[in-house]
Amino acid sequence: MKSGSNLEKVLTAGHFAFTGEVGPPRGANTESIRTKAAFLKGNVDMANMTDNQTAMVRMSSMAGSLVLLEEGVEPNYQMVCRDRNRIAMQSDILGAYAHGIRNVLCLSGDHQQFGDHPNAKGVFDIDSVQLISVIKKMRDEGTFLGGDTLDGAPEMFIGAAANPFGQPFEWRVHRLAKKVAAGADFVQTQCIFNMERMREWVHQANDMGLTEKVYILAGVTPMKSVGMAKYMKNNVPGMDVPDWIIKRLQGVEKKKAADEGIKIACEQIAEFKETKGVAGVHLMPIEWEHKVPEIAERANMLPRPVV
Amino acid sequence: MIIAERKPFEEITEMIKGYKNILNVGCGGCTSICLAGGQKEVNQLNAELTKENAELKIDSFVIERQCNYDFFVDLDEKAPKYDAILSMACGAGVQFVAERYTSIPVFPALNTVFCGVDRNVGWFEENCRTCGECVLGDTAGICPVTRCAKGIFNGPCGGTRIDGSCEVDPDTPCAWTDIFNRLTEQGRVDKIIEVKPPRLWQNQVRRVLIQEDYKARYAE
Ligand code: SF4
Ligand code: SF4
């Protein structure tokens, strides 16, 4: 065991993992995290706590992760390279570990231009691949990036993100390989809608032997409406929403579109469960946490394994 | 080349407010070439300033380069006669002038913007952030520090759009997509397969460079 996190235990025991996601509040009130945690508890193996996503200032992901812990949901502490340099990042990893956080997800971060402080200076001192290697070094070699010895190594389960769709497509699997080489233990993908591309990407990862070295959790986001599907297709960079999804949502009565969205998500989950090289699903219901118990149930993800 | 642009007129008038006898010094180097601080631009600014304030006495003088004291001989004679200097050089030149005449306030008339190239007449593009450890050899001659919005060394990030443009702007190509495509064309994709380790940033404190052949000369 590298970290002993629940996610690591579930995966190493050979179970199909099911993880969730929570965004921290835009203020000091932790109530929303606690409410969302109640929907996730017992229904997922752990939940990501996002780090100032879309570059909007929110409660820190470390603080949010600690609230999740208090509520009995294992956190996956997201850390972006946009806001901190290598000194702050290593320091935060130590603090997070000391307080019981065992999973960390290394990300570049959405560019600050998208957020509510577009003129902030982006840090990007190290990139997400380098961040993985820094945490691995701290964990496995017990030293800082600078070389000094740690008094207590942070035994983190190291996560990375992957986008199987962006250009250049042929390079995407190599970028995954770089993250694996840097030390990623698990990977969570971007929301997947284009199943064909995803299959091809997983196939490539299998061929390169990557799925033997890293656990891939496929990202699933249920569409709530036709409008949401169109918005994601046209306005969210890096999203690949094929027309068949929009057509299926349009094919049902308006008030049944959300249900159709969940149905599509469940079909995707069922396929991933049978896909060689996919070790689990990362569910990202956007502002729809209260639907997690229903989705988990309908996707046959319950009960979650206790290991 | 260093690319600069003129500051807003109001900012310039605000800086020089209260000074009656000013010398506007142009630069024949980069800022002249990028059409921001040569003879023509000095004349134009002075005309605008005197139109705004008829009392103002402002003279013009252009030297070949404000970043080398060899070209300061004539300026040395003129400068002491003025109660303020406006410089139309890049920030480096402005500082060199200010360092030369410490008793006279020196004001920048330009904003120094970047180090780049001429795409066309009057159209410039940033290409280098002078990071001090050039990686262009491995990146097909495309600078990830400058042209990737996140300046990452193991790109592309997860935000690249489906059409290969950068997440921050659909009209800007993703630097890393371009790097990959050009390396593919050259059969050199192996250059970016290995993880590039965290870089040892060198542009954190002021850098001074003495070329190898001159080290002995400045040893003491
Ligand atoms: S890598 Fe980019 S910023 Fe660094 S020296 Fe080369 S061109 Fe300039
Ligand atoms: S899309 Fe490409 S250029 Fe833009 S930030 Fe990401 S890697 Fe850099």
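The model is a predicted one, with local features taken at pLDDT of at least 70, side-chain atom pairs counted only at pLDDT 80 or more, and totals for chains, interfaces and linings using all residues. Residues are numbered from 1 along each chain as its sequence is written, chains are lettered from A and ligands numbered from 1 in the order in which they are written, and side-chain values use heavy atoms, with hydrogens and water left out.

In chain A, strand S7 covers residues 215-220, and five of its six residues are buried (under 20% relative accessible area, with a 1.4 Å probe and protein chains only). Strands here are DSSP runs of E with at least two residues, helices are runs of H or I with at least four, and both are numbered from the N terminus. S7(A) pairs in parallel with S6(A), residues 186-191, through four bridges (pairing takes at least two DSSP bridges between two strands).

Chain B splits into domain 1 (2-114) and domain 2 (129-220), with bounds from an automatic or database domain assignment. Their C-alpha centres are 34 Å apart. Ligand 1 has around it, among others, B:Cys128, B:Cys131, B:Cys134 and B:Cys143, each with a heavy atom within 4 Å of the ligand.

Conventions: Buried means under 20% relative accessible area, exposed over 50%, partly exposed in between (1.4 Å probe, protein chains only).
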